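Dear colleague,

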Amino acid sequence: MGYDEIMKLFLERGFLMPSCEIYSDALAGFWDYGPHGNTIKNRYVDLWRRELVRRDGMIEIDGTQVMSKKVFVASGHLESFVDPIVKCEKCNATHRADRLIQEATGQLVPERLPVEQLDQMVVENGLRCPSCKGLLGKARRFNLMFRVGVGAADDDSYLRPETCQSIFVDYPRLFKVMRLRLPIGVAQFGKSFRNEIAPRQGVMRLREFYQAEIEVFFNPERANDLGKYEEVKDQKINLDLDGNMLQGVKCSEAFEQKHVPNKIVAYYLALLHQFYEKAGLDMKKSRFRRLGGQEKAFYAEAAFDFEVETSIGWVELVACNYRTGYDLAAHSKVSGQDMAVLDGDKKVVPHVFELSMGIDRSIYCITEHTYAAEPERTVIRFKPHLAPVTVGILPLVNKDGIPETAKGIYNALKTRYDAFYDESGSIGRRYRRLDEIGCPACITIDYQTLQDNTVTLRDRDSMKQIRINKDQVELTLEKILRTEDVFKQ
RNA sequence: GCGGUCGUCGUCCAGUCUGGUCUAGGACAUCAGCCCUCCAAGCUGACGACCUGGGUUCAAAUCCCAGCGACCGCACCA
């Protein structure tokens, strides 16, 4: 089940389309969601709300995408979300300045070294372009944030490169007015923007993309004081410790053996595992990979990437970062706001554990894990609660009052469910079309319906049919949406 | 950003090398009609494309240049 196959289906069936596609200057790294893709995305986010936000008693906000410059002075993005690059003046190849020098001289070159020093090191060591031996130009910093000129004065501001900064800057007011107590998760779903130099692989690396982020604020002295940890401590996860794979290790073991820093982290890794299981990922192909010092983001003390195996390799779906007090301390310093809050009778600056989820790539990976090209048909076995169409309503033939009866059933369902009415083509063709977009159930109206008010209900996964009474349809759909097996006889 | 390959109906392919009957052809899909009592049947018809912009030429889908995009490799990637 390859990447090309999935992307082709996405394009042909209205899941995704390239943004601005009819214009010749369309940009790489920007994609529009079509109707089915949009529905899946909405349903995926609903699942996230149910299984993470509500389950854990988090609160959710929706912040702006354009944010002021000082936010990113404080967060470090203006300074650190950059690549120091040098361009060859002869062949125009771009190289990472720090890596170039490091490779040539063997000495460690910090990424954040001023460009003047980088230039000096290039000159001192007589470095040339590794591709063509041409002369190198001056080093400069390429920032991956999109700059936005706001107002007539064209004031510098930026499109947020991660949604979580909204949470950090809103945090002091939220804590006061929402009567929060530690530990508390603050969640947000929305767009983020990164000016990738070379976006690739469709929806896997975008310049404009959806994130669902959760920032858990907690008192670092009470990181193991977490009652609800007991609920999930036996959850088994796959843990990759520097290439050493622990299959099916209990979260409690991971904590006791100090593979994860505290119970907070263990608890949320378990929750995340359970969430993706409900989203339909093949969890045998998943792992939490602990990141080493070089790989971690500049703010993270400990980091676990939740990754899944796909036809294009291991894909990172969620970055789980223990950000410590980095963000609140930084915002406190730059803004002058006191970010300390009361926990019991002590004032503390909370620490943050973050679950930063990529929505677009999650949807791709779920699709790949549930897609099957069978000899007779193509079918996506989306969990019913994620499927873009929940139920197809099909008249077996287009005469003798059968379409009218079918439309009656459709009209009764359409405001409550994503129902789809189709009378075009043979019944088999209509089943195939709905299989291909992952619709879990079809209701077919035939001559018997006219006599005894029963309809057939067809199962996407097995193609089996059962007969139920018209009055049972809604109840049965509810069961299907709860992933109960209504076809078992 | 660099290098390579490529860009024709929604999809796949023919045509490009060797410019002209290409007013761009076929298959699948879609739509309409006929037929029809459960898994892509059949028949009839319809819709539908040369990535964009320049250039060469009497004539460009075809040759040249540039741009944009896709894929692969490099580099990059919270």
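A charge is said to sit over a ring when NZ of Lys or CZ of Arg is within 6 Å of the ring centre and within 35 degrees of the ring normal. Please note that this is a predicted model. By the criterion above, the charged end of K41 sits over the ring of Y33, at 5.6 Å from its centre. The charged end of R287 likewise sits over a ring, that of W314, at 3.8 Å from its centre.

Aromatic pairs

How many aromatic pairs does the structure hold? There are 17 aromatic pairs. In one of them, the ring centres of Y171 and F175 lie 5.7 Å apart with the planes at 50°, so this pair is tilted. Y171 and F175 both belong to helix 7 (residues 164-177), and because they are four residues apart there, about one helical turn separates them. Are Y171 and F175 buried or exposed? Both residues are buried.

The rings of Y267 and Y268 provide another case: their centres are 4.6 Å apart and their planes stand at 85°, so the pair is edge-to-face. Y267 and Y268 are both buried as well. Elsewhere, one aromatic cluster is formed by Y44, F275, Y276, F288 and F306.

The cavity

The structure holds one cavity of 30 Å³ or more. The space in the largest cavity amounts to about 60 Å³. Its lining is made up of F10, F15, L16, Y33, G37, I40, V203, D360, I363 and Y364. Two elements, helix 2 (35-54) and helix 12 (359-370), each give two or more residues to this lining. Which of the elements gives the most to the lining? Helix 12 does, with three residues. Sorted by class, the lining of the largest cavity has eight nonpolar residues, one polar residue and one charged residue.

A contact across the chain

V73 is placed in helix 3 (residues 69-75). The relative accessible area of V73 is 44%, and V73 is therefore partly exposed, since that class lies between the limits of 20% and 50%. Along the chain, V73 and H331 are 258 residues apart, while their C-alpha atoms are separated by 8.8 Å.

Yours sincerely

Methods: Residues numbered from 1 in each chain as written. Chains lettered and ligands numbered in written order. Predicted model: local features only at pLDDT ≥ 70, side-chain atom pairs only at ≥ 80, totals over all residues. Heavy atoms only, no water. Phe/Tyr/Trp six-rings, centres within 6.5 Å; stacked < 30°, edge-to-face > 60°. Buried < 20%, exposed > 50% of the residue type's maximum accessible area, 1.4 Å probe, protein only. 1 Å grid on protein atoms, 1.4 Å probe; cavity = no way out; pocket = protein on both sides within 12 Å on 5 of 7 lines; lining within 4 Å. Points joined across faces, edges and corners; volume = space filled by probe spheres on them. Nonpolar A, V, L, I, M, F, W, Y, C, P; charged D, E, K, R; others polar.
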